[in-house]
Each structure stands twice: as structure tokens, then as C-alpha cells.
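Biologist: I've got a model open and I'd like to learn how to read it. Can we go through it together?

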Amino acid sequence: MTHPHEHEHGHAAAAHTDGDSLNPALEGLRFCPRCGAAPHIDFPRSLRCDNCGYAAFYNPKPVAGAIPRTADGRVWLLRRGFDPGAGLWTFPGGFVDLGESVDKAAVREAREELEIDVELTGLLGVYSRPQDRVVLVVFEAIAHGEPRTTDEAPEVRAFAPADLPWDELAFWSTEQALRDLFDSELEI
């Protein structure tokens, strides 16, 4: 059985571009990026070219986040300035750069988005779903300083656990990480 994006012989067929595609990089790909021959595509995971031996494997991208806390236990959240999730609340986070560790990426993202330094105090959790293109690694953190607004975070606020804006969170993983953070505290 072939994937809808393949011909009977396993070579790529022209495909529509779908904004919800799990791997838009393979959508519509018909030629090997190295030699131009028709590659074999195992959508959404990989492509292989029998002509030149080129192979590419596609995996979820790592994303790092930190949930900064105040001395009195509130969490700093930011209202997103850009899509996805523009106007909704989340904690600072973003893609891990090549040559960067996950923990350093979490610290960098807090600095970029909130203009504060954070001290990571432990791993909260790892969040992923088969239909998503990312794997999110979230750390608990202590905020050092008062966050400032930025283009990425036009509004910043410290929330007590009882006041979290559950109906205005940007992502399923934002909600799950915050629930994990506060559920673990209630079990102690």
C-alpha cells in the first residue's frame, strides 16, 4: 500500500500544500534536493534517493520552556505577541538551537521573551503528541528580577495558582505543564 503522496512505485507524487500537514517540508516534494532524481518518500518521516544515496529523516523539533516563579509562588506568564497563539497566555519557551542544550535554551528564551534571568530548579515534564511537530521540555525556574514586556510578550503578569487564566492559555501543553506544576505541589 502506498501513501497518498506516492506513485505506485514508491516515488513522490505532487501533493497539495496543507497548513495542517505534519511535515510540510515533504508536501509536494518531487525531486531529490541533491541530484534531482525522484526520491522514495515515507511520509511524514523520511525521503531516500536510490540514484545518489541521499537520505533525510524528519523528527519533531525540540522546544524548551521555563515556568518562572516569584518568591511568593506566583508564576510569570506572558501574553503572546505572535502566532501561533497570539493574544493568549503561556510561559517563555522556544526552539532549541543547534549546538545548544535544552536547559540553556530555556534560560535564553526567558531572557529573550521576558528580559529576565532565571535559575532552573528542576525538570517539570516532557510534552508531546503524535500530531504535533515539537517535543516540549519544561523546567521549573526561579525568576531573578522583574520581567519586562517585549515584542514577543506585550503583556506580562504574575499569577497566583488560583488566578491562572485557564480559558486563555495558548497551547494544550501550557495547560498540562501548569496543571503538573500545581498538582505536584498539592501532593506534597
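Biologist: Is strand β4 mostly covered or mostly open?

Modeller: Some ground rules to begin with. This is a predicted model, where local features need pLDDT of at least 70, side-chain atom pairs count only at pLDDT 80 or more, and totals for chains, interfaces and linings use all residues. Residues are numbered from 1 along each chain as its sequence is written, and side-chain values use heavy atoms, with hydrogens and water left out. Strands are DSSP E runs of at least two residues, helices H or I runs of at least four, numbered from the N terminus. Buried means under 20% relative accessible area, exposed over 50%, partly exposed in between (1.4 Å probe, protein chains only). Strand β4 (residues 61-69) is mostly covered, with 7 of its 9 residues buried.

Biologist: Which sense does the pairing of β4 and β9 have?

Modeller: Two strands pair if DSSP finds at least two bridges between them. β4 and β9 (residues 134-144) are parallel, over 9 bridges; R69 has I142 as its bridge partner in β9. With β7 (residues 93-95), β4 runs antiparallel, joined by 3 bridges, and A64 is partnered with G94 there.

Biologist: What does E109 touch?

Modeller: Contact means heavy atoms within 4.5 Å. Leaving out residues up to four places away in sequence, E109 touches A64, P92, G93, G94, F95 and L114. E109 lies in helix α1 (residues 102-114) and is buried, at 6% relative accessible area.
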